[in-house]
Structures are given as C-alpha cells and as structure tokens.
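Let's walk through this structure together, one region at a time. Have the sequence and the 3D view open as you read.

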Amino acid sequence: MPDKTALITGVTGQDGSYLAELLLEKGYRVHGVVRRASVFTTQRIEHLYRDPHSGDVRLRLHYGDLLDAICLRRLLNEVRPTEIYNLAAQSHVRTSFDEPIHTAEVVAIGTLNLLEAARDYRDETGINVRFYQASSSEMYGKVIETPQTERTPFYPRSPYACAKVHAFWQTVNYREAYDLFACNGILFNHESPRRGETFVTRKVTRAAARIRFGLQDALYLGNLDARRDWGYAGDFVEAMWRMLQQRRPDDYVIATGQTHSVRELLDEAFGIVGLDWSKHVRIDPQYFRPTEVDLLLGDASKARSQLGWTPAVAFKQLVRMMMDADLNLARQERTLFDAGYREGNIRTAPVEQIALPRRSSAEALTAVT
Ligand code: NAP
Ligand code: GDD
C-alpha cells in the first residue's frame, strides 16, 4: 500500500466519522481537524480513536478551524496529506437563515481558505494533493429539472445553499486555473444512526423510538410535504473516496434515484413501532423555512458508469437501521430513568409522579431547528 495520508475537515460530523472509518480500513493515515469546544465533540469517532502514546496510531486529531487560514496552512505542512476531504460546514439549512454570515464564512470563505492553502502546499512541496469538496444537492434548490444531474443549473434557496454554490465554483476554478486535482461531490441527503438529532430523519426516528418507550409524547415538525432523495451515509463516503482515485478530477452527483416525502418517512418509522404518527405529530410553524426546497431527486448515472458506484442501502432499510439504533438508545434511556437516574440529578421524584422525563438539552435544540 503506497503511503496515503488524508486530512479530513469535519471529522467529528456524521460523514467525517464514516469516511475516517473507511480510510483507516484502507490503510490510510488519517488526520482529522477538530474545533475546540467546551465539551467533547468526538463521540462519533470515539470507537476509532487510540491514545497517540500507544505506538503506531493511524488516526490523529488536530485543533483547527476553517476560518483560521494560517492554522490550515500550518496543518498541511505538518501532516503532508496526499488527499484532503473538506467536509466541515455549518450544515443545517434552517439554522443558516438565523446565522447567514457565519454560515457563509465557514462554507464559502472556509473552503476558499483551504483551497488556497492546498494550492500553496502543492506548489511548495511538489505533492500533487487531491481535494474533495462536500457540495450539496441543496444547490439545486427550486429545481429547474427533475431528476437533477451534473448539468442541471443551480437555484439556491437558503444562505447555506448560496454559500455551497460559491464553494462549488471556487473548487471548479482551482481545478481549471491552477490545475489542482479538485472534485465536487454533489451529494443528495444521506442519513444514518449518526445523523445529527435536528435533521428531519433523525428527529423522526429518535422521536418514534422515545414515544414507543414512553419518554415523550409529541413530535413537532414543519413541512411534511417536502421530498428528499435519502441515502445511507456509509455508502456515500465510498463515493467521495472513489472520486479522488480517478485519473482526472471531475464533479459527480451522488444519489439513490428515489424520492420520499417527510410523510412517507413518518409512515415508515412509526410503522416499525406500530404507532399512528398522526396521533403524535404536531405542526409548528417555526420549523418552516422562509424559502423551501420542495423536491430533490438525483440521477447518479455518471457516478455509476465512471466510478462504478451504486448505493447498497435503500430507503426502507435506512429507516429500519436508524430505528433499530434509536430504539436501543431509548431502551437504555428508559432503563436509566426507571432506575432513578435523572440527567443532572435535577428531578428526584419517583417515576409514577412524573408523566414524562424533562426534555434533554438535545431536544431543547431540536425545538429551535
Ligand atoms: P455535520 O454532521 O453537521 O458535520 C459538520 C462538521 O463540520 C462537524 O465536524 C463540525 O464540527 C465541523 N465544522 C463546523 N464548522 C467548522 C469550522 N468552522 N471549522 C472546522 N470544522 C467545522 O455534517 P455532515 O452531515 O457530516 O456533512 C458533511 C459535509 O457534507 C458538510 O459540508 C455538509 O454541508 C455536506 N453535505 C451533507 C449532506 C448530508 O445529507 N449529510 C448532503 C450534502 C452535503 P463540530 O462537531 O465541532 O460541530
Ligand atoms: N430539520 C427539520 N426539522 N426539517 C424538517 C422538519 C423539522 O422539524 N419538518 C419538516 N422538515 C423538512 C425540511 O423543511 C426539509 O424540507 C426536509 O424536511 C429535510 O430537512 P433536513 O433534514 O433539515 O435536511 P435538508 O434537506 O434541509 O439539508 C440536508 O441535506 C442537504 C443535501 O440536500 C443537510 O444535510 C444539508 O447539509 C445538505 O446539504
């Protein structure tokens, strides 16, 4: 195996964790960029992490931030990657309406910071580094045609999507202007048990499981008619890697070619636990977006023919996988609750005196996204 070294920004996120897993399996040395926070943010990669003092460790973490261009340059020189995967982002579309400037800084300018650093690193070291940009189907927005392909024009509908369009074209421009090996993966929605709790799939599977275990009663949602092409994150990171193994850099749509509404997601998830979602779901207008993306459906023919990539997990299997994981978590939460454990030990009343446990901090966040 040639000496392959990858740098992943956003390694603590859903995709970063699956990609790190995949690259370690392939024998890579993996360096992950982690933002400093006041609490641990490495839960998703805990199973991969080994103490650097314990010999030949192939996953190393470094503090860094896409907004700190100098730190990015220093990291590249230190780590000397052969491949860079830029997955870091403020990735929540609804939140981008509340934090448009921060979102644009991280997603657009942050990507530019990393592209600049990569170009200079390549020129100074002679290492022909390859660059992956996490582009998004959200860029199609108010879709011009269905299904969406690499040739479909963009019509972004959120600050997040506008910033991703900027990053997309910067990536293309670095390829054309400086001959950087830079690829855009235009990925449609992809989910997993590691999906953040405020994205709709995870919000639904987590709530269905918790309702089943009597840990909550209601689920507040926004637009139930939105349709998404939902795939499995574990499949999608394989496509990222394949893009960087090609002879020439290019841009690819990665999608399942199936679309489902939020309603269908509810049918599937609540159906697994034998519940009627209409008895639990309430509509809360705060979850509607000022401008919505009604329908996404991708055509990944190019990825199929050029990368040999096809998704292995379909929608129903995906929901089942997420439900199984969330049922496990809810079962554990219920067991702890029944044993008298209260988060922060704030509530001490026996279970029969309180109808439902207090909302966790994660749920409190769910309430505003
Ligand atoms: P995610 O779970 O939200 O993870 C985002 C990652 O970015 C986290 O590790 C986060 O760190 C990090 N990050 C945020 N701001 C940063 C900054 N200023 N500097 C460095 N790191 C920063 O997202 P994901 O679902 O894994 O998605 C990965 C990438 O693919 C994102 O760029 C997303 O926009 C894009 N994408 C996702 C999908 C999808 O359906 N999942 C589809 C298309 C494109 P913390 O842990 O500290 O927050
Ligand atoms: N999050 C959320 N919460 N979405 C809801 C809710 C809710 O309570 N109720 C309805 N929805 C609808 C949203 O309006 C949207 O139409 C759809 O569910 C999916 O929302 P999200 O799961 O938040 O994902 P997204 O499609 O906006 O964005 C994700 O996919 C993009 C790729 O198309 C993110 O992962 C982006 O980072 C990614 O680029």
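Helices (H or I, at least four residues) and strands (E, at least two) are DSSP runs, numbered from the N terminus. With that in hand, find T42, which sits in the loop between strand 2 (29–34) and strand 3 (59–63). This is a predicted model, in which local features need pLDDT of at least 70 and side-chain atom pairs count only at pLDDT 80 or more, while totals for chains, interfaces and linings use all residues. Residues are numbered from 1 along each chain as its sequence is written, and chains are lettered from A and ligands numbered from 1 in the order in which they are written.

T42 has 15 other C-beta atoms within 10 Å, so T42 is partly exposed. Two residues are in contact if their C-beta atoms, placed from the backbone, lie within 7 Å. Leaving aside neighbours within four places in sequence, T42 is in contact with T12, V34 and Y49. The C-alpha atoms of T42 and L61 are separated by 9.7 Å, and these two residues are 19 apart along the chain.

Next, the ligands. A residue is near a molecule if its C-beta atom, placed from the backbone, lies within 6 Å of it. Around ligand 1 there are 27 residues, of which G10, G13, A88, A89 and A134 are the closest. Two or more residues of this shell come from each of helix 1 (14–25), helix 4 (100–125) and strand 5 (130–136). Helix 1 gives the most, with three residues. For the classes, Ala, Val, Leu, Ile, Met, Phe, Trp, Tyr, Cys and Pro count as nonpolar, Asp, Glu, Lys and Arg as charged, and the others, Gly among them, as polar. On that basis the shell around ligand 1 holds 10 nonpolar, 14 polar and three charged residues.

Now look at the backbone. Most residues other than glycine have a negative phi, and most peptide bonds are trans. R80, in the loop between helix 2 (69–79) and strand 4 (83–86), is not a glycine and yet has a positive phi of about 50 degrees. R80 counts as partly exposed because it has 16 C-beta neighbours inside 10 Å. D179 also has a positive phi, near 60 degrees, and is found in the loop between helix 5 and strand 6 (181–187). D179 has 12 C-beta neighbours inside 10 Å and therefore counts as exposed. The peptide bond from T146 to P147 is cis, with omega near 0 degrees, and P147 belongs to the loop between strand 5 and helix 5 (159–178).

Key:
Buried ≥ 20, exposed ≤ 12 C-beta atoms within 10 Å, placed from the backbone.
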